[in-house]
Amino acid sequence: MTALRPFHPMDLFKTNLTNLDTLTENYELRFYLEYLAKWPSLFNLIEGQRGEISAYIMGKVEEQPSYLRHTPEYTPWHGHITALTVAPQYRRLGLAKLLTESLERASNEQDAWFVDLYVRESNKVAGGLYRGMGYTVFRRVVDYYSDNMTGEKDTEDAFDMRKTLDRDKDLRYIRENGEDHRVGPEDVF
C-alpha cells in the first residue's frame with residue numbers, strides 16, 4: 001500500500017530511487033529546504049510499503065514582480081511544478097497524475113490562475129502525460145536546458161505547459177499553437 005503525504009526534511013536522505021534518473025533535475029540541499037519552508041503544501045511524496053519514496057512533487061505559487069506586469073510574457077499568480085519524478089520501477093501506475101492533481105488542488109485553493117511546468121521537448125512521455133491531463137503548450141523556451149539529452153546540440157528547448165484553474169474562466173492564460181510562440185530563457189522569470 002502506498003501513501004500520499006507531505007515531504008519532510010528527513011525525506012531528502014531517501015530520494016535515491018527517484019533522483020538517480022537522468023531526466024530528474026537535482027538541486028542543492030538548500031533549494032529543497034527553501035521549498036519546504038515556503039510552500040509546504042506543494043511539496044508532497046508517495047511512499048511505498050517499505051517506506052521508500054516512490055515519487056515526489058515540488059511546487060510553488062508565485063507571480064512575476066509588478067514592474068513586469070505590462071510586458072508580453074508576464075505571468076500572474078499561478079502554481080508551478082518545479083520537479084516531479086517517479087522512481088523507474090513505479091512508473092505507469094498513475095503516481096505522477098496523483099501528485100500533479102494534488103498540486104493543482106492546492107493551487108486552486110490559493111486562487112491561482114493556472115498551473116505551469118517546463119518539460120524538455122525530447123521528453124515525449126512526460127509531454128504526453130501532461131497533455132492527457134489537460135495541459136497545453138503555452139510557449140517554447142528556446143535553449144532553456146543547457147544539457148541536451150539527445151546529443152544533437154548543446155542545448156534543448158523547453159515547453160512551458162499550462163492548465164487553467166477555476167479562476168481563469170475566460171481562458172486568458174492559454175493559447176493555441178504554443179509550440180510556435182518562441183521566447184528566450186531571459187523572457188521567463
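Biologist: In helix α2, by about how much of a helical turn are Glu-34 and Lys-38 separated?

Modeller: Please keep in mind that this is a predicted model. Glu-34 and Lys-38 are four residues apart in helix α2, so about one helical turn separates them. The general idea is that side chains of opposite charge can pair when their charged atoms come close. Here Glu-34 and Lys-38 form a salt bridge, with their closest N and O atoms 3.0 Å apart, and Glu-34, at 33% relative accessibility, counts as partly exposed.

Biologist: Which residues of helix α2 are buried, and which exposed residues are carried by the face turned away from them?

Modeller: In α2, which spans residues 29-38, the buried residues are Tyr-32, Tyr-35 and Leu-36. These three cover an arc of only 100 degrees around the axis, and therefore they lie on the same side of α2. The face turned away from that buried side carries the exposed residues Arg-30, Ala-37 and Lys-38, while the cover over the buried residues includes α1, β2, β3 and β4.

Biologist: Which parts of the chain does the salt bridge between Lys-163 and Glu-104 link?

Modeller: The side chains of Lys-163 and Glu-104 meet in a salt bridge at 3.2 Å, N to O. This pair links distant parts of the chain, since Lys-163 belongs to strand β7 and Glu-104 to helix α3, 59 residues apart. Lys-163 counts as partly exposed at 21% relative accessibility, whereas Glu-104 counts as buried at 9%.

Biologist: In what order do the strands of the sheet stand?

Modeller: Eight strands form an open sheet with mixed pairing, in the order β1-β2-β3-β4-β5-β7-β6-β8. Strands β1 and β8 stand at the edges with a single partner strand each, so one side of each is left without a neighbour in the sheet. Elsewhere in the sheet, β4 and β5 run parallel and are joined by three bridges, and His-80 has Asp-116 in β5 as its bridge partner.

Biologist: Which strands does helix α4 lie across, and which of the residues in α4 are buried?

Modeller: Helix α4, residues 124-132, lies across β4, β5, β6 and β7, and runs at about 15 degrees to β7. Its buried residues are Ala-126, Gly-127 and Tyr-130. Because these cover an arc of only 100 degrees around the axis, they are on the same side of α4. The face of α4 turned away from the buried side carries Lys-124, Val-125 and Gly-132, which are exposed. After α4 comes Gly-134, with a positive phi near 100 degrees.

How values were computed: Residues are numbered from 1 along each chain as its sequence is written. This is a predicted model: local features need pLDDT of at least 70, side-chain atom pairs count only at pLDDT 80 or more; totals for chains, interfaces and linings use all residues. Side-chain values use heavy atoms; hydrogens and water are left out. Two strands pair if DSSP finds at least two bridges between them. Helices (H or I, at least four residues) and strands (E, at least two) are DSSP runs, numbered from the N terminus. Contact means heavy atoms within 4.5 Å. Axes are lines fitted to C-alpha atoms, for helices over the stretch in contact, and angles run from 0 to 180 degrees between N-to-C directions. Buried means under 20% relative accessible area, exposed over 50%, partly exposed in between (1.4 Å probe, protein chains only). The arc is that of the directions from the helix axis to the C-beta atoms. A salt bridge is a side-chain nitrogen of Lys or Arg within 4 Å of a carboxyl oxygen of Asp or Glu.
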